[in-house]
Amino acid sequence: MTNTATDTTRRPWYAFATPLLGKSVRWASRVTHHGGSAFPGKVVERVDPTFLRRTLAQLPLGVILVSGTNGKTTTTRMVAMMLESLGLRVFTNPTGSNFTRGVVSALLNEVTMSGHIDADIAVLELDEAYAVQFVAQVKPQYALLLNVMRDQLDRFGEIDNTARLLGRVAATTTRAVVLNREDPRIAALAALTPVDTRAAYFGLSRALRRYFPTDDDMATTVALAGAAVPSEPLTAAAPVTPADVMLTAVGDHRAQMVIDGQEYESEVKLEGVYNLYNAAAALAVVRAVQQDLRVPDTIGNAAATLPQARRDGFVMRAQHFAGADTAHLLDALAQVTPAFGRGEVIDVHGSPTELLLVKNPMGFRLALASFPPDDADTMICINDEYADGRDMSWLWDVDFTSLKAGGVDTVSGVRAWDMALRLAYDDVAVGDVDTDLERAVDAFVARNPGRRKHIYCTYTAMLAVRAYLAKIADVADAGVGK
């Protein structure tokens with residue numbers, strides 16, 4: 001089950017020094033506050049292009065690659081935390097730095113000076129475009145492909161192009177590809193998997209599909225003004241492909257799922273209905289790994305690639321994981337906490353302040369549906385940096401009418417005035433508009449102490465908001481934003 005790479009670049013003679021170089025660059029960038037968290041990875045990629053492939057090849061269970069438009073960071077966290085809770089040693093890129101250089105930077109945190117990594121499996125979040133670069137170097141054993149939505153149109157173009165990128169991932173995965181049954185572009189990728197790679201699915205009951213529309217089902221509130229709104233998604237045909245894990249009901253921090261024909265209910269600490277569907281995805285890929293380890297001789301063959309000193313420990317961990325039943329998997333899921341900025345709650349002057357990442361129409365719609373504005377103050381922060389996507393036209397495909405009753409207290413970020421204009425078209429009153437993000441956040445959190453606050457932000461705005469809140473409140477260190 002070890003990694004197979006297609007990158008034929010020769011290992012440089014100085015490869016033994018790569019960990020020292022990378023760690024030195026990381027230390028220097030932290031001391032000087034220059035270069036960002038992925039900068040060491042960028043340097044190592046340039047001087048030693050085989051480092052990523054060589055290091056991940058040490059993992060006896062290989063790589064789980066997670067990609068798609070919405071939910072990558074949280075789902076990656078779910079999978080990694082579940083595997084760890086069930087006994088495996090896991091390497092992951094925990095901060096959402098989902099370019100290949102971000103993975104390399106995360107590896108530099110974990111490898112020894114001799115280049116060794118003490119992990120059984122990697123769970124890696126990859127941006128849709130960089131996932132293609134990754135699989136050109138490392139063939140993942142497992143791929144979890146979540147969805148395809150309009151996102152960063154200036155980078156990806158239309159969503160069929162994004163689906164083609166994810167198709168490259170499906171075509172290079174060696175053991176199992178886990179697909180979203182309800183997204184037709186994702187489900188179709190099963191046809192691209194290698195002959196020896198199986199396809200598995202996570203899905204929704206028919207009753208829940210209207211809560212999770214595909215990109216094709218969405219329409220702007222402006223376009224629908226005065227028109228009849230369909231009560232069912234436009235894609236009404238029911239898929240017949242069996243789902244390995246199917247979400248059947250959602251509640252407040254509770255999910256009901258059908259697994260192997262049996263109904264289960266689980267508590268979750270995660271916020272938002274969309275994360276309950278991500279939980280089904282995470283369960284499906286964890287079960288796919290389990291399925292392989294239950295095949296006779298699989299664990300022994302994987303252990304054969306390890307040094308003798310690591311062999312026995314790995315075999316015990318892998319056997320423990322393979323033997324876990326569904327109840328143990330759900331117990332592990334119940335312990336997963338939100339990723340930074342994705343429903344993360346920070347206490348600011350006695351006010352529970354929730355950071356809610358939004359970066360495309362579907363993500364924003366689901367966030368608004370998951371966090372009712374009643375008894376909460378609302379702030380929206382919109383930037384248009386490279387990591388956010390330059391094209392903000394997607395804001396017109398978000399339904400903001402749920403905010404009409406209470407209005408929006410503050411709008412900030414580089415594109416604050418664009419956001420304020422969009423809200424005006426949905427008759428949502430706006431209090432303050434201030435493009436100075438720190439000043440706006442400071443004023444927002446100071447008002448109405450003790451009252452719950454929601455801050456919806458694009459990616460770079462979220463990092464900036466989180467960094468500012470770290471100056472005035474206790475914010476967990478996620479490796480970014482401080």
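In this predicted model, Ile 380 touches Phe 364, Phe 400, Leu 403, Val 408, Thr 410, Val 411, Ser 412, Met 419, Leu 423 and Tyr 456, leaving aside residues up to four places away in sequence; a contact means heavy atoms within 4.5 Å. Residues are numbered from 1 along each chain as its sequence is written, and side-chain values use heavy atoms, without hydrogens and water. Local features need pLDDT of at least 70 and side-chain atom pairs count only at pLDDT 80 or more, whereas totals for chains, interfaces and linings use all residues.

Ile 380 also belongs to the largest nonpolar core, which has 82 residues. Such a core is a set of buried Ala, Val, Leu, Ile, Met, Phe, Trp, Tyr and Cys residues joined through side-chain atoms within 4.5 Å, where buried means under 20% relative accessible area (1.4 Å probe, protein chains only). Helix α11 (residues 273-293) gives the most to this core, with 14 residues. A second, separate core of 39 residues includes Leu 59, Val 63, Tyr 130 and Ala 163.

Strand β15 (residues 452-457) is largely enclosed by the rest of the structure, because five of its six residues are buried. Strands are DSSP runs (E, at least two residues) and helices are runs of H or I (at least four), numbered from the N terminus; two strands pair if DSSP finds at least two bridges between them.

The chain averages a pLDDT (the predictor's confidence in each residue, from 0 to 100) of 85, and 83% of the residues score at least 70.

Key
Buried means under 20% relative accessible area, exposed over 50%, partly exposed in between (1.4 Å probe, protein chains only).
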